[in-house]
Amino acid sequence: MSQPSTAATVQRADAKHRYEILVDGKRAGLTAYRDRGEQRVFYHTEIDDAFAGQGLASRLVQEALTDVRESGKRIVPVCPYVAKFLKRHEEFADITDPVTPDVLQWLDTQLG
């Protein structure tokens with residue numbers, strides 16, 4: 001039996017604007033963001049099918065949001081998965097900003 005949770009590591013890949021979760025050195029998923037001033041706008045999270053059902057998405061998002069707090073930034077959860085995660089994890093409520101039309105329009109221009 002493999003133990004995915006112990007071998008998984010999360011790292012921030014600034015050049016690619018995302019956090020990646022690696023399992024035994026292989027990328028298993030990512031959560032993508034763009035920075036807008038003090039806000040880190042999360043817009044997409046995915047876990048490769050081969051790694052589904054191991055709790056990796058929640059571990060990835062947990063560590064990403066913890067990093068946002070340590071960076072002194074704020075969270076804007078455009079990504080539905082991140083938004084759902086935040087509903088279950090009140091500890092990030094103090095650094096979470098609402099998703100506004102302004103943010104969505106800005107994100108659109110960022111992503112082209």
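**Close-up 1. Salt bridges in the predicted model.** The count of salt bridges comes to eight, a salt bridge being a side-chain nitrogen of Lys or Arg within 4 Å of a carboxyl oxygen of Asp or Glu. The model is predicted, so local features need pLDDT of at least 70 and side-chain atom pairs count only at pLDDT 80 or more, whereas totals for chains, interfaces and linings use all residues. Residues are numbered from 1 along each chain as its sequence is written, and side-chain values use heavy atoms, with hydrogens and water left out. A network of salt bridges links Arg12, Asp14, Asp35, Arg40 and Asp67. Within the pair Asp14 and Arg12, the closest N and O atoms are 2.8 Å apart. Asp14 is partly exposed, at a relative accessible area of 42%, and Arg12 is also partly exposed, at 36%. Here buried means under 20% relative accessible area, exposed over 50%, and partly exposed in between (1.4 Å probe, protein chains only).

Close-up 2. Helices (H or I, at least four residues) and strands (E, at least two) are DSSP runs, numbered from the N terminus. Asp94 and Arg69 form a salt bridge through their side chains, at 2.8 Å from N to O. Since Asp94 lies in the loop between helix 3 and helix 4 and Arg69 in helix 2, the pair ties together parts that are 25 residues apart in sequence. The relative accessible area of Asp94 is 49%, which is partly exposed; Arg69, at 33%, counts as partly exposed. A salt bridge also joins the side chains of Asp97 and Arg74 (2.7 Å, N to O). Asp97 sits in the loop between helix 3 and helix 4 and Arg74 in strand 5, so this pair ties together parts that are 23 residues apart in sequence. Asp97 counts as buried, at 14% relative accessibility, while Arg74 is partly exposed, at 28%.

**Close-up 3. Arg34, a buried charge without a salt bridge.** Arg34 belongs to strand 3. Although buried, Arg34 has no salt bridge, and the nearest side chain of opposite charge, Asp35, is 8.8 Å away. The Arg34 side chain does make a polar contact with the side chain of Tyr43, at 3.4 Å. A polar contact is a pair of N or O atoms within 3.5 Å; within protein, one must be able to donate a hydrogen and the other to accept it, and residues adjacent in sequence count only if both atoms are side-chain atoms. Not counting residues up to four places away in sequence, the residues that Arg34 touches include His17, Gln39, Trp106 and Gln110, where contact means heavy atoms within 4.5 Å.

**Close-up 4. The buried face of helix 3.** Helix 3 spans residues 80-88, and its buried residues are Val82, Ala83, Phe85 and Leu86. Seen down the helix axis, these residues fall within an arc of 160°, so they line one face of helix 3; the arc is that of the directions from the helix axis to the C-beta atoms. Pro80 and Lys87 are exposed on the other side of helix 3. The cover over the buried residues includes strand 3 (26-36), strand 4 (39-47), helix 2 (56-70) and strand 5 (74-77).

**Close-up 5. The buried face of helix 4.** In helix 4 (residues 101-111), Val103, Trp106 and Leu107 are the buried residues. They fall within an arc of 100° seen down the axis of helix 4, so they line one face of the helix. Pro101, Gln105, Asp108 and Thr109 are exposed on the face turned away from the buried side. Strand 3, strand 4 and strand 5 pack against the buried residues of helix 4. Gly112 follows helix 4 and has a positive phi, near 60°.

**Close-up 6. Nonpolar cores.** A nonpolar core is a set of buried Ala, Val, Leu, Ile, Met, Phe, Trp, Tyr and Cys residues joined through side-chain atoms within 4.5 Å. The largest has 22 residues, and Tyr19, Phe42, Leu65 and Ile75 have the most contacts inside it. Helix 2 gives the most to this core, with six residues. Another core lies apart from it, with five residues, among them Val41, Val76, Val103 and Leu107.

Key. Lys and Arg count as positive and Asp and Glu as negative; His and the chain ends are not counted.
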